[in-house]
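Me: I'd like to learn how to read the features of a protein model, one at a time. Could you walk me through this one, starting with its pockets?

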Amino acid sequence: ENSDAYLDSMDAEYNKFHWYEPLLSGIGYRKRSAGIEYFIAPLGAMVQYGVGGFRYVPSALYRKRFSNYQSLLTTVNLNYGDYNKDLKGGLDLTYTYAPMHNGSVQVKLADNYTQITQNVDLAGLFTQSNLIQKTTAEGYHRYEWFNGFYTKVGLEYSQRRSLEGIEANPLWDSIFGARNVPFPFETYTIALASIEFLIRPYQRYYLKGREKIVLSSRWPDIRFRIDQGLPNLFGSTVSFTKYAINLEDRVRWGKMGETFYRGESGGFLSNVANVRFIEHKWFRGGDVGIFTQPIYTYQSLPQTFHSPSPYFSAWAIHHFNGAFTNALPGIRRLGLSTAVAGSALWVPGESVRHLELYVGLERQVIWWKQPIRFGMYRSVWPNPQSAGFQWKMSLDFKDTFYDRWNF
């Protein structure tokens, strides 16, 4: 997967033009032997619903690797809404200066409408109750000190403002009602220092020129992160200490399929009385009929909520990849496979104990050379389950370069 011949063949396939790219998948070009890559987002992604109605969000990416194997990655996006005539946008620059140690510096500058959380149900993605105005300058430094041990140190300085006073689209108000009303809060400034440790035991890699290319590990990735508010720094008004630890992995069992799993815990170490709801941990409620990313979301949690309390959560899904169904002649011809998935959440401070289990049937197809996996799942716990959460459908796209599904 990392030989020059394989990479050249993948680049040649990637660079072929297809009629649907400008509208659906975007236009990209890469030539790794020359260290060049660019990507322009598709027209379908440039028109999005946001503050004030539909907005135009063009974006592009450019990456250049130099002869000494250092590289520069640039992404830029604009965000214009015709309803309020407001222009937003952002710039993200990442310079890899130590390719043998995955050492890089990153700078982000943006003035944009930002989601309070991505852990929100599908309807919440289209409502202004999950959006704020955020003007930010951020800087990060990432470095691999020895094989499989990384640190990422960052500093964020931003101002956060409510959307109150910005005119909403009446049509969306009529559809979503109270959910389209922005959360009111006083404008505040935040200076936040962070440090994240990533431990990847027995990480496999290989060297190509002066670049270290990471492959994988047979052990789970372990991440530990601390965010520290810095009060009185350039007007900052926050002083909390927040932590989170998680582990994540994919395990292949040969003919018995593969398992994706993830566990996470976190909370605040200091007094949470003055911590604003935006900094809380958010827990995503389930969507009616849609089986969302099963190692990050809950399928049957009644509703999205947030809390500053300590929490403990776990997710897992196992795909049998035909281990049982291929032994049944009639079923084998249908190309069906079985799966089982589940998640658990415990938030002691909110008296929340949630456990869910699903079983499913899946089928893989190939459309336009893209492997796609469809799934139909049924809840077995809790039982009985409310009507919208009992049956779920999923859709996943395989990364053909890494031969890996998202879940």
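Reply: Happy to. A pocket here is an open set of grid points with protein on both sides within 12 Å along at least five of seven lines, and its lining residues have an atom within 4 Å of a point. Keep in mind that this is a predicted model.

Me: Which residues lie nearest the centre of the second largest pocket, and how many line it?

Reply: The lining has 26 residues, and those nearest the centre are Tyr14, Ser25, Lys369, Gln370 and Thr400. The volume of this pocket is about 1000 Å³.

Me: Which elements give two or more residues to that lining?

Reply: They are helix 1 (4–15), helix 2 (21–25), strand 1 (27–31), strand 2 (36–40) and strand 22 (370–381). Helix 1 contributes the most, with four residues. Sorted by class, the lining holds 13 nonpolar, six polar and seven charged residues.

Me: Now the interior. What is the general idea behind a nonpolar core?

Reply: In soluble globular proteins, nonpolar side chains tend to be buried together. In this model, the largest nonpolar core has 19 residues, and Phe283, Phe291, Phe305, Ile317, Leu345 and Val347 have the most contacts inside it. At least two residues come from each of strand 19 (311–319), strand 20 (336–347) and strand 21 (352–367). Strand 20 supplies the largest share, four residues.

Me: What does Leu345 touch, leaving out residues up to four places away in sequence?

Reply: Its contacts are Phe283, Tyr298, Leu301, Phe305, Phe312, Ser313, Val352, Arg353 and His354. There is also a second, separate core of 13 residues, with Ile190, Leu192, Val238 and Phe277 among them.

Me: Let's turn to charges. How should I read a salt bridge?

Reply: Side chains of opposite charge can pair when their charged atoms come close. The count in this model comes to 23 salt bridges. One of them joins Arg225 and Glu196, whose closest N and O atoms are 3.8 Å apart. Arg225 sits in strand 14 (residues 221–229) and Glu196 in strand 11 (residues 188–199), so this pair ties together parts that are 29 residues apart in sequence.

Me: Are these two partners buried or exposed?

Reply: They fall into separate classes, with buried meaning under 20% relative accessible area. Glu196 is buried at 17%, while Arg225 is partly exposed at 29%.

Me: Where else does a salt bridge link distant parts of the chain?

Reply: Look at Glu248 and Arg262, whose side chains meet at 3.6 Å, N to O. Glu248 is in strand 15 (residues 241–252) and Arg262 in strand 16, 14 residues apart. Arg262 is buried, with a relative accessible area of 9%, whereas Glu248 counts as partly exposed at 24%.

Me: What about Arg284 and Asp287?

Reply: They form a salt bridge with closest N and O atoms 2.6 Å apart, and both Arg284 and Asp287 are buried. Elsewhere, salt bridges that share partners join Lys134, Glu156, Arg160 and Glu279 into one network.

Definitions and conventions
Residues numbered from 1 in each chain as written. Predicted model: local features only at pLDDT ≥ 70, side-chain atom pairs only at ≥ 80, totals over all residues. Heavy atoms only, no water. Core = buried A, V, L, I, M, F, W, Y, C linked by side-chain atoms within 4.5 Å. Buried < 20%, exposed > 50% of the residue type's maximum accessible area, 1.4 Å probe, protein only. Contact = heavy atoms within 4.5 Å. 1 Å grid on protein atoms, 1.4 Å probe; cavity = no way out; pocket = protein on both sides within 12 Å on 5 of 7 lines; lining within 4 Å. Points joined across faces, edges and corners; volume = space filled by probe spheres on them. Nonpolar A, V, L, I, M, F, W, Y, C, P; charged D, E, K, R; others polar. Salt bridge = Lys/Arg side-chain N within 4 Å of Asp/Glu carboxyl O.
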